[in-house]
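Thanks for coming. I have one structure to go through this morning, so please look at the screen.

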Amino acid sequence: MIFSTELLKGTLKTIVLKLLDDNKRMYGYEITQKVKDLTADRIQLTEGSLYPTLHALEAEGLLTTELEYIGKRVRKYYSLSQTGKTKSAEKVNELAAFMETMTILLDIKPKIA
Amino acid sequence: MYTITDEQIDFILADIKKNGIDTEDLQLNLLDHICCILEHEVSSDGDFDASYKRVVRQFYKRELSEIEEETKQLLQFKNYYAMKRLMLISGAISAAAFIGGSILKIMAWPGASALLFLGVVILSFLFLPLLVLLKTREADTRRNKLVLILGAVVGILYSMSTLFAMMHWPGATSLWLTTVIMSIGVLVPTYFFTGIRQPETKVNTIVTTILLVSATGLLFTMLRIRQPLPLQTYNYIKNEQLLKKMQRNLNNVGDTNNKLVADINTACDSLKGIILNRDIARTTIPDDAEQKEIIIAERNVFMPETSEAFALLEKLRVAVSAYNAAQTTNDNKISTAHTVLEIAPDKLNTCTNFFVLNSLTQMQLSLVSNAQHPVLTMK
């Protein structure tokens with residue numbers, strides 16, 4: 001099952017912040033691949049939503065960037081700024097609390113593995 | 001692993017630029033991303049063109065520029081939506097105030113000026129500045145921003161000059177001239193030469209420029225046509241000259257003035273002086289008024305703020321009733337029916353200045369006529 005973009009929209013910032021928190025520095029393509037790997041292809045970030053989010057996070061001062069030249073092209077690496085690190089923890093906690101509430105709200109029985 | 005050549009990199013960059021990705025940062029990101037996918041997912045002997053098309057197609061729903069739009073939207077200031085809403089609401093309110101004010105004005109109902117004033121103020125100081133603020137963010141070049149700002153300035157000037165004209169405030173004419181000069185001399189050329197350079201806006205620019213110039217021209221013509229010959233002024237000046245001539249003749253025959261007549265004449269002349277002074281900056285009509293092309297504008301408000309005029313009017317009322325009481329025949333009495341003396345004080349502001357001026361001159365004329373009467377019978 002691949003999740004709908006509507007579901008992903010509210011969590012995209014959190015995903016990006018958490019990945020950068022765990023991996024120090026990443027570039028766009030790497031982020032999409034990492035998400036694919038970690039979720040066994042069930043979450044596929046689209047470029048159309050990833051890059052706008054990255055730019056917005058950068059503008060908010062949560063990310064710092066480094067440019068690296070690879071032949072003729074430039075690769076932009078993203079990493080968390082100091083405020084980004086705090087924000088990342090906040091966002092993850094918020095989402096966890098949200099998921100717990102949703103479990104109660106929607107009366108989801110935990111799957112027995 | 002597929003190896004991408006420099007030519008292919010140039011091709012990809014040009015293609016994403018062409019498809020509406022203007023932000024340089026985003027161009028570099030997308031270029032690297034596309035290259036990564038191609039390198040990882042296309043076999044070394046794969047077809048570049050077909051693979052590129054397939055890869056880039058996954059990036060969007062309708063067109064590639066969606067990414068650019070989305071980025072811009074996220075980057076725009078946080079209160080963007082609040083400002084946009086305020087802009088739309090203020091625009092709607094000022095439009096409603098204009099329509100309401102115009103209807104009131106046509107029907108001559110009270111509140112027209114207040115509503116129109118509200119409309120102009122909201123349009124000039126809320127709607128247009130917000131529009132510029134929001135639109136300049138979207139404008140890509142400095143010149144486009146300049147055109148937007150100039151357009152708003154001309155818009156504000158235009159609504160201000162309408163307001164000044166409507167409220168009979170001084171400087172309306174020079175404000176209107178400034179608006180026309182700014183519009184035709186600065187805004188239109190800037191707009192025209194900015195738009196004509198870009199092939200995609202060329203035709204639109206030419207059409208809009210023609211519309212702008214002709215609209216301004218028509219407006220200008222209309223304002224000129226709407227200024228009729230100052231017939232009321234002609235009329236009043238002739239009456240005034242007639243009065244002067246008759247008064248002079250009377251004085252030649254012999255001064256028959258008594259105190260009441262002098263009081264009435266003084267009050268009338270002073271009142272006329274107050275009204276004329278506001279309009280033509282002199283207290284009497286000069287003998288060569290025709291050569292000087294004196295024009296008195298028709299205004300509704302008769303009484304200036306000074307209580308002096310009210311006191312004079314009261315003095316005149318008293319003097320006229322005393323004069324009438326002293327007359328032995330009805331024929332010699334000054335008729336006050338349908339004159340300014342009959343208007344209640346709170347209704348005075350509905351009188352035009354011409355009505356008041358003519359009322360006063362007519363009273364003075366009947367004084368002269370009464371004084372001449374015995375002279376004529378003597379002959």
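I will go through the domains, then the nonpolar cores, then the cysteines, and end with one threonine.

First, the ground rules. This is a predicted model, in which local features need pLDDT of at least 70 and side-chain atom pairs count only at pLDDT 80 or more, while totals for chains, interfaces and linings use all residues. Residues are numbered from 1 along each chain as its sequence is written, chains are lettered from A and ligands numbered from 1 in the order in which they are written, and side-chain values use heavy atoms, with hydrogens and water left out.

Chain B is split into domain 1 (6–73), domain 2 (77–225) and domain 3 (231–378); these bounds come from an automatic or database domain assignment. Between the C-alpha centres of domain 1 and domain 3 of chain B there are 87 Å.

Now the cores. A nonpolar core here is a set of buried Ala, Val, Leu, Ile, Met, Phe, Trp, Tyr and Cys residues joined through side-chain atoms within 4.5 Å. Buried means under 20% relative accessible area, exposed over 50%, and partly exposed in between, with a 1.4 Å probe and protein chains only. The largest core has 46 residues, and B:Ile34 and B:Phe59 have the most contacts inside it. Both chains contribute: at least two residues each come from α2 (12–23), α3 (28–38), α4 (47–59) and β3 (73–80) of chain A, and from α1 (6–18), α2 (24–41) and α3 (48–57) of chain B. Helices (H or I, at least four residues) and strands (E, at least two) are DSSP runs, numbered from the N terminus. With eight residues, α2(B) gives the largest share of this core.

What does B:Ile34 touch? Leaving aside residues up to four places away in sequence, its contacts are B:Ile12, B:Ile16, B:Tyr52, B:Val55, B:Val56 and B:Phe59, a contact being heavy atoms within 4.5 Å. Another core, of 33 residues, lies apart; B:Tyr236, B:Cys268, B:Leu341 and B:Leu360 are among its members.

On to cysteines. There are zero disulfides over all chains, a disulfide being a pair of cysteine sulfur atoms within 2.5 Å. For B:Cys268, the nearest cysteine sulfur is that of B:Cys351, 15 Å away. B:Cys268 is buried, at 0% relative accessible area, and B:Cys351 is buried too, at 6%.

Last, B:Thr194, which sits in helix α8 (residues 172–195) of chain B. Is B:Thr194 buried or exposed? Buried, with a relative accessible area of 7%.
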